[in-house]
Amino acid sequence: MPDSPTYIRPTWDEYFMEVAQTIAKRATCDRGRSGCVIARNKQILVTGYVGSPIGLPHCDEVGHLFKQVIHEDGSTTNHCMRTVHAEQNAVCQAARLGISLLGATLYCRMTPCRTCAMLIINCGIERVVCEFRYHSGGESEAMFQEAGIKLDFVNNEILQYTNQQSSEK
């Protein structure tokens, strides 16, 4: 029998992260096309991707709606306000379908923002797995720690994308 490499199945984290990467292909904002999968007991409950609210124009169609945020340290970052985050869309999908997220794990591209982190905490999600760190994710990381939510990173690097920073102090 010829030597052939032994197939290695992906771990559950690898599997759900790959699904999140596929979901991200539906995202409608090119500044960090992101997807999200929420799973429990090795089953996908809901998914979400970055996109405008239902019925409203998407960035890919009409361009970005940038707002500048000035941080406590004086640095300024640009944020596209036209879209709903992948994590928010997944939580909304669960609400629309009447699916409890209690005890679930959320898989996403980067550290959830502060608003997403608060939603994740209040939904009863117990674990968050991120592909990358977010440039201003420290506050979310601290909130997850305080709330007892396990946070894991596939890569420890900060995700870089277009028009992320306006200026730094």
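Predicted model: local features only at pLDDT ≥ 70, side-chain atom pairs only at ≥ 80, totals over all residues.
**Whole chain**

Start with the C-alpha trace. Along its principal axes the trace spans about 60 × 40 × 35 Å. Switch to a cartoon and the secondary structure comes to 5 helices and 8 strands. Followed along the sequence, these elements give the pattern α-β-β-α-β-β-α-β-α-β-α-β-β.

The accessible surface of the protein is about 10100 Å², and 50% of it belongs to carbon and sulfur atoms. Of the 169 residues, 41% count as buried. Among contacts with a separation of 6 or more, 57% are made by residues 24 or more positions apart.

**The cores**

Hide the surface and select Ile38, Leu101, Leu106, Ile120, Ile125 and Val128. These residues have the most contacts inside the largest nonpolar core, which has 24 residues. At least two residues of this core come from each of E1, helix H3 (86-97), strand E5 (105-110), H4, E6 and H5. H3 gives the most, with 4 residues. As a general background, nonpolar side chains in soluble globular proteins tend to be buried together.

Center on Ile38 and show what surrounds this residue. With neighbours within four places in sequence left aside, Ile38 is in contact with Gln43, Ile44, Leu45, Val46, Ala90, Val91, Leu101, Ala104, Thr105, Leu106 and Ile125. Two residues in that list, Leu101 and Leu106, are also among those with the most contacts inside the core.

Now select Val19, Val37, Ala39 and Val129. They are included in a second, separate core of 9 residues.

**The loop between E1 and E2**

Move to Asn41, in the loop between strand E1 (35-40) and strand E2 (43-49). Lys42 lies in the loop between E1 and E2 as well. Check the backbone torsions here. Most residues other than glycine have a negative phi. Asn41, however, has a positive phi, near 55 degrees, and Lys42 has a positive phi of about 65 degrees although Lys42 is not a glycine. Is Asn41 buried or exposed? The relative accessible area of Asn41 is 68%, so this residue counts as exposed.

**A nonpolar patch on the surface**

Bring the surface back and select Trp12, Tyr15 and Ile44. Together they form a nonpolar patch with about 280 Å² of accessible area. Trp12 is in helix H1 (residues 12-23) and is partly exposed, at a relative accessible area of 40%.

**Salt bridges**

Side chains of opposite charge can pair when their charged atoms come close. A search of the whole structure finds 6 salt bridges.

Select Asp13 and Arg127 for one of them: the closest N and O atoms are 2.6 Å apart. Asp13 lies in helix H1 and Arg127 in strand E6 (residues 127-132), so this pair ties together parts that are 114 residues apart in sequence. Asp13 is partly exposed, with a relative accessible area of 27%.

Arg127 is in strand E6 and Asp152 in strand E7 (residues 150-153), so the pair ties together parts that are 25 residues apart in sequence. Asp152 is buried, since its relative accessible area is 18% and the cut-off for buried is under 20%.

Asp13, Arg127, Lys150 and Asp152 are linked in a network of salt bridges.

The last stop is Glu139 with Arg114. Their side chains meet in a salt bridge, at 2.6 Å from N to O. Glu139 sits in helix H5 (residues 138-147) and Arg114 in helix H4 (residues 114-123), so the pair links distant parts of the chain, 25 residues apart. Where do the two side chains stand in accessibility? Glu139 counts as partly exposed at 45% relative accessibility, and Arg114 counts as partly exposed at 39%.

How values were computed:
Residues numbered from 1 in each chain as written. Heavy atoms only, no water. Patch = residues over 30% accessible without salt bridge, like charges linked within 9 Å, V, L, I, M, F, W, Y side chains within 5 Å. Areas by Shrake-Rupley, 256 points an atom, 1.4 Å probe, with all protein chains shown as cover. Salt bridge = Lys/Arg side-chain N within 4 Å of Asp/Glu carboxyl O. Buried < 20%, exposed > 50% of the residue type's maximum accessible area, 1.4 Å probe, protein only. Contact = heavy atoms within 4.5 Å. Core = buried A, V, L, I, M, F, W, Y, C linked by side-chain atoms within 4.5 Å.
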